[in-house]
Structure formats: C-alpha cells, structure tokens
Amino acid sequence: MGKGTSTDIITSIRNADMNRKGTVRITSTNIIENFSKILLREGFIENLKKHEERNQDFLISTLRHRKNRQKPYRRNFLNLKQISRPGLRIYSNYQRIPRIINGMGIVILSTSRGIMTDREARLKEIGGEILYYIW
C-alpha cells in the first residue's frame with residue numbers, strides 16, 4: 001500500500017505487472033483517485049473500484065491485459081518519467097506543453113483546475129506544472 005502520491009500508484013502497477021498480478025490495491029487519496037481516473041480514461045488500466053475496509057478507503061485497479069503473457073517479461077507496459085520534483089518545479093503554458101511520442105504518450109499536469117492530461121489542458125487553454133510523461 002502506498003502513501004498517497006501518484007508515483008505510488010505507478011510503482012504499484014509496475015510491480016503488479018512484473019509479478020503478473022491482475023489487480024493493484026492502494027490507499028485512496030484525492031491525488032491517487034484523480035490520477036487513477038486519468039489512467040483509466042487513457043487505457044493504462046481496465047477497471048477502478050473504491051473499497052472501504054476498517055474505516056479506510058482503498059482503490060482497486062484491474063490492470064490492462066498484455067498479449068502473450070506466457071513469454072518472459074521484457075518491459076513495462078507503463079513507462080513513466082517524473083518531470084517536476086520538489087527541488088525543481090517545471091511549469092508550462094498550454095502552448096508549450098510537450099507532445100510525447102508524437103501524441104501517443106500523455107503528459108500529466110497539475111493545473112489550477114486539477115490534475116489533467118496535456119490534451120485536456122490544451123483544450124481548456126490552461127498551463128500548469130508538468131508532473132509526468134507516460135507512454
């Protein structure tokens with residue numbers, strides 16, 4: 001179980017995929033919930049359920065199935081690069097948000113209107129702090 005940051009869910013999903021597990025369970029926070037909804041919308045996970053146990057909320061994510069799961073593990077299906085970090089914050093206006101793999105990947109931003117993808121930020125014409133590149 002993670003501490004409640006978006007990096008925790010990415011790490012949990014990577015570990016579950018490497019160990020060929022179908023689901024990930026992580027403590028639910030607003031950041032985790034919003035980030036998980038983006039991963040669900042963008043197709044990186046298949047399903048998302050909220051579960052309460054002992055007065056604590058958890059999110060249970062079902063991973064997207066990889067083809068040919070019998071073959072040896074080769075690479076992660078979810079690649080992530082953290083851009084902003086506490087010592088170095090990276091901001092961008094909506095016109096200069098980078099495109100990842102010619103639009104095949106996504107950029108996750110923290111904006112004044114919440115956490116969103118690069119496409120949503122360009123559509124709403126707002127910039128923000130660039131958190132991650134995911135492809």
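**Exercise 1.** Does serine 61 count as buried or exposed, and at what relative accessibility?

*Solution.* The structure is a predicted model. Begin with the position: serine 61 belongs to strand S3, which covers residues 56-63. Next, take the cut-off: a residue is buried when its relative accessible area is under 20%. Serine 61 has 1% relative accessibility and therefore counts as buried. Finally, consider the surroundings. With neighbours within four places in sequence left aside, the contacts of serine 61 are Ile9, Gly22, Thr23, Val24, Ile45, Asn47 and Leu48.

**Exercise 2.** Determine how the span of helix H1 relates to the expected span, and state which elements its buried residues pack against.

*Solution.* Helix H1 has 13 residues. From first C-alpha to last, H1 reaches 19 Å, close to the 18 Å expected at 1.5 Å a residue. Its buried residues are Ser6, Asp8, Ile9, Ile10, Ser12, Ile13, Ala16 and Asp17. These buried residues pack against S1, helix H2 (30-41), strand S2 (45-53), S3, strand S4 (80-82) and strand S8 (128-134).

**Exercise 3.** Describe the location, backbone and exposure of arginine 20.

*Solution.* First, locate the residue: arginine 20 is in the loop between helix H1 (6-18) and strand S1 (23-27). Second, examine the backbone: just after H1, arginine 20 adopts a positive phi of about 60°. Lastly, compare sequence with space: arginine 20 and leucine 63 are separated by 43 residues in sequence, while their C-alpha atoms are 9.7 Å apart.

Technical notes: Residues are numbered from 1 along each chain as its sequence is written. This is a predicted model: local features need pLDDT of at least 70, side-chain atom pairs count only at pLDDT 80 or more; totals for chains, interfaces and linings use all residues. Side-chain values use heavy atoms; hydrogens and water are left out. Helices (H or I, at least four residues) and strands (E, at least two) are DSSP runs, numbered from the N terminus. Buried means under 20% relative accessible area, exposed over 50%, partly exposed in between (1.4 Å probe, protein chains only). Contact means heavy atoms within 4.5 Å. The expected span of a helix is 1.5 Å times one less than its number of residues.
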